[in-house]
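Please read the following note with the sequence and the model open beside it. It is written for a colleague who is new to looking at protein structures.

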Amino acid sequence: MQGFILHTQSVKDEDLIVYILSLKKVIKAYRFYGMRHSSILSGYKIDFELEDSSRFLPRLKDVLHIGFPWILDREKMLYWQEFIRLFYKHLKEVENLESFYFELLDDCIKRFQKQDCKRVIVDAYLKLLIFEGRLHKEFVCFACDEKITQDLVLLRAFLPAHKKCAVGYEFNEKELSNFYEKQNSSHFSDEYIEKLYRIIKEGF
């Protein structure tokens with residue numbers, strides 16, 4: 001079985017509770033003597049086995065790291081682990097999932113190799129909003145419920161509003177529409193990417 005480490009939590013002695021995103025679910029497992037084995041960090045992709053327990057969580061065993069080319073690139077790993085933390089907060093109350101989430105992270109790993117990390121994350125987050133049916137493509141202000149034709153700002157989860165109705169980052173409607181349609185941020189300036197990235201950091 002393969003999965004992404006979303007979060008680790010230290011418990012008694014050197015044991016760990018590990019949250020893993022697999023293809024179809026978020027797994028909560030127990031790892032004995034975690035500090036004495038190979039490191040398990042958020043963002044790592046692993047191959048693993050689970051041993052059922054009637055008393056407690058399943059036991060995580062036979063862990064094998066599945067490396068990716070940029071895993072030793074400190075800057076990329078910082079962006080990656082920050083993105084994974086947001087994923088954990090978004091999915092921690094969920095158990096069964098569609099394969100979309102696992103496949104999205106798999107795709108990000110490949111794109112991190114050659115593309116700007118923030119742009120990869122911005123594109124991935126847009127796809128997540130679309131998949132979950134939470135993207136507001138019509139640009140109707142959430143505060144006054146009127147169509148936005150100018151002075152558009154985005155808030156958390158790319159929620160649109162008039163500049164006069166809410167405090168957020170300002171964007172051009174046509175450029176955003178293009179982004180939503182193509183699901184690709186390559187036409188955005190670095191300034192736009194920075195704005196969108198800051199919105200994402202507020203939470204999914």
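Predicted model: local features only at pLDDT ≥ 70, side-chain atom pairs only at ≥ 80, totals over all residues.

1. Three strands make up an open sheet, and their order is β7-β6-β8. The pairing between them is antiparallel. At the edges stand β7 (159–162) and β8 (169–171), each of which pairs on one side only. From one strand to the next, the twist averages 45°.

2. The pairing of β6 with β8. Strand β6, comprising residues 152–155, is joined to β8 by three bridges, and the two strands run antiparallel. Within this pairing, the student may locate leucine 154, which stands opposite tyrosine 169 in β8.

3. Helices on the sheet. Helix α4 (residues 173–182) packs on the sheet and touches β6 and β8. The direction of α4 makes about 45° with that of β6. Helix α5 (residues 190–201) also packs on the sheet, touching β6 and β8. For α5 the angle is given against β8, and its value is about 135°.

4. The largest pocket. Rolling a probe the size of a water molecule over the atoms shows where empty space is left. The largest pocket found here has a volume of about 150 Å³. Which strand gives the most to the lining of this pocket? It is β3 (residues 26–31), with three residues. Sorted by class, six of the lining residues are nonpolar and four are charged, while none is polar.

5. Most residues other than glycine have a negative phi. Aspartate 145 is not a glycine, yet its phi is positive, at about 65°. Phenylalanine 158, likewise not a glycine, has a positive phi of about 55°. Aspartate 145 lies in the loop between α3 (117–131) and β6, whereas phenylalanine 158 is placed in the loop between β6 and β7.

6. Surroundings of these two residues. Is aspartate 145 buried or exposed? Aspartate 145 counts as exposed because its relative accessibility is 62%, and the cut-off for exposed is over 50%. Phenylalanine 158 has a relative accessible area of 1% and is therefore buried, as that term applies under 20%.

How values were computed
Residues numbered from 1 in each chain as written. Heavy atoms only, no water. Pairing = 2+ DSSP bridges. Helix = DSSP H or I, 4+ residues; strand = E, 2+ residues; numbered from the N terminus. Axes fitted to C-alpha atoms, helices over the stretch in contact; angles between N-to-C directions. Contact = heavy atoms within 4.5 Å. 1 Å grid on protein atoms, 1.4 Å probe; cavity = no way out; pocket = protein on both sides within 12 Å on 5 of 7 lines; lining within 4 Å. Points joined across faces, edges and corners; volume = space filled by probe spheres on them. Nonpolar A, V, L, I, M, F, W, Y, C, P; charged D, E, K, R; others polar. Buried < 20%, exposed > 50% of the residue type's maximum accessible area, 1.4 Å probe, protein only.
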